Amino acid sequence: MANTADTVNYLDLIKNGLIKENTIFKLALSLCPSIAVTNNLKNGVLMGVAVLFVQTMVNITISVLRKFIHPKVRLPIFMLVISGWVTIADMSMAAFVPDIYKQMGLYIQLIVAFASILARAEMFASKNKIAPSMADGIGMGLGFLFALTVISFFRELIGKGSVWGYALINAKPLLIMILPAGGFFAVGILMALFNWIDIRYFKKGPAASH
Amino acid sequence: MTMDFTKLFELIIAASLINNFVFTRFLGLCIFFGVSKKMETAVGMSVTFTAVMMISAALSWVIFNFVMVPLDITFLKIIVFIGVIAAFVQASDTIMRKVAPGLYYKLGIYLALISTNCIILAVPLINAGEHYNFIESLAFGLGSGIGFALALIIMASIREKLELADIPAPFRGLPMAFIVSGLIALAFTGFSGLITL
């Protein structure tokens, strides 16, 4: 009986991270890389994968260690765990994809300062068992990956007329979308779109109003 | 000791205008959108940030070059830098509360937000990556701080006016702030040809 309840539970956790509490579009956290690395799809997806990896591993580690961490020193320990996993992600990317790492190495290192990762460790992983924490990490990571993929897909398509490096559109692309300014426009418009869907179909006020 | 002052000046201009942290490097965006609603908080935040950036640049430069390079543990730089900054912010929080309570009540809340902020961590990481010397690291920290202050203050003054504007409902709040920063970023791309380094 616990089996079915558990599977539903995990799916809900993943869905929660993917849609309801989507890091970028709903919570408006960890915005820096959403603009910085999304001028082409490849970088965006790789960044998303790196975050997915770090978030999941951090959640698992914190959940395993949760009984040994004294509440008073928990934040420094969380930071240590996060920076340890970020260092692993950073060094693996430097080794396996050196070309892309050259462009976005700094942002990989700065995953350590993501509010969303620390927040999930604090709010979820430090209070829950290993399996749900892992599901939560995967959900939050997938939500981030999803957001980055959407943003970088549109920016590369409009800004360069290509997808994943393959040229698709023959017309002259709108260069502005791959410039820094285009990132702000893209995220702003996508956020407005999500708000519009909320208002139109769920009759809610604008979600991101801080 | 002869310092190359033109080079330092170029570094400050480059860090504050050409490679502005907010508009061309996209760092510190959470803070940027979080505190740019009111002019007063924006000014307080920029002062605190500039100070913390310079001091953490100096501290981490010393640790990087005199401890980590000799011991060959530069691969630990992420962990060490975040530890240094967190410890420094915590210490200055405690000291300020005792020594300058007035200043603490004005700027203390910003200090708490700083320790895990990407923009503060980015300064030592970039300094280490570019192999700047001590004075250059300080100049880079100062330039970045000025750039961040500039961005916050421009944004705050626009957002104070935006409160009165009639914006379509889905765009209200954050989406509009993004569009506005996109426009400012567009203006900042004009600086890109200012200095050819």
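**Entry 1: burial.** Before counting anything I wrote down the rule that a residue is buried if 20 or more other C-beta atoms lie within 10 Å of its own, exposed if 12 or fewer, and partly exposed in between, with C-beta atoms placed from the backbone. By that rule, 49% of the 210 residues in chain A are buried, and for chain B I noted 41% of 197 residues.

**Entry 2: what I am looking at.** I reminded myself that this is a predicted model, in which local features need pLDDT of at least 70 and side-chain atom pairs count only at pLDDT 80 or more, while totals for chains, interfaces and linings use all residues. Residues are numbered from 1 along each chain as its sequence is written, and chains are lettered from A and ligands numbered from 1 in the order in which they are written.

**Entry 3: chain A.** I looked up the helices (DSSP runs of H or I, at least four residues) and strands (runs of E, at least two), both numbered from the N terminus. Chain A has 8 helices and 2 strands, and along the sequence they follow the pattern α-α-α-α-α-α-α-β-β-α. I then checked the radius of gyration, taken over C-alpha atoms, against the globule rule of 2.2 Å times the number of residues to the power 0.38. Chain A comes to 18 Å, close to the 17 Å that the rule gives for 210 residues, so chain A is as compact as a globular protein of that length. The C-alpha trace of chain A spans about 60 × 45 × 35 Å along its principal axes.

**Entry 4: chain B.** Here I found 8 helices and 0 strands.

**Entry 5: helix 3 of chain B.** I followed this helix through residues 39-71, which makes 33 residues, and it reaches 46 Å from its first C-alpha to its last, close to the 48 Å expected, where the expected span is 1.5 Å times one less than the number of residues. Where is the kink in helix 3 of chain B centred? I found it centred on Phe64(B), at about 35 degrees, the bend being the angle between axes fitted to the seven residues ending at a residue and the seven starting there. Just after this helix, Asp72(B) takes a positive phi of about 60 degrees.

**Entry 6: where the chains touch.** I counted two residues as in contact if their C-beta atoms, placed from the backbone, lie within 7 Å. The contact takes 39 residues from chain A and 34 residues from chain B. On the chain A side, helix 8 gives the largest share, 12 residues.

**Entry 7: one residue.** I finished on Thr87(A), which is found in helix 4 of chain A and touches Phe75(B), Ile78(B) and Ile79(B), not counting residues up to four places away in sequence. Is Thr87(A) buried or partly exposed? Thr87(A) is partly exposed, because 18 other C-beta atoms lie within 10 Å.
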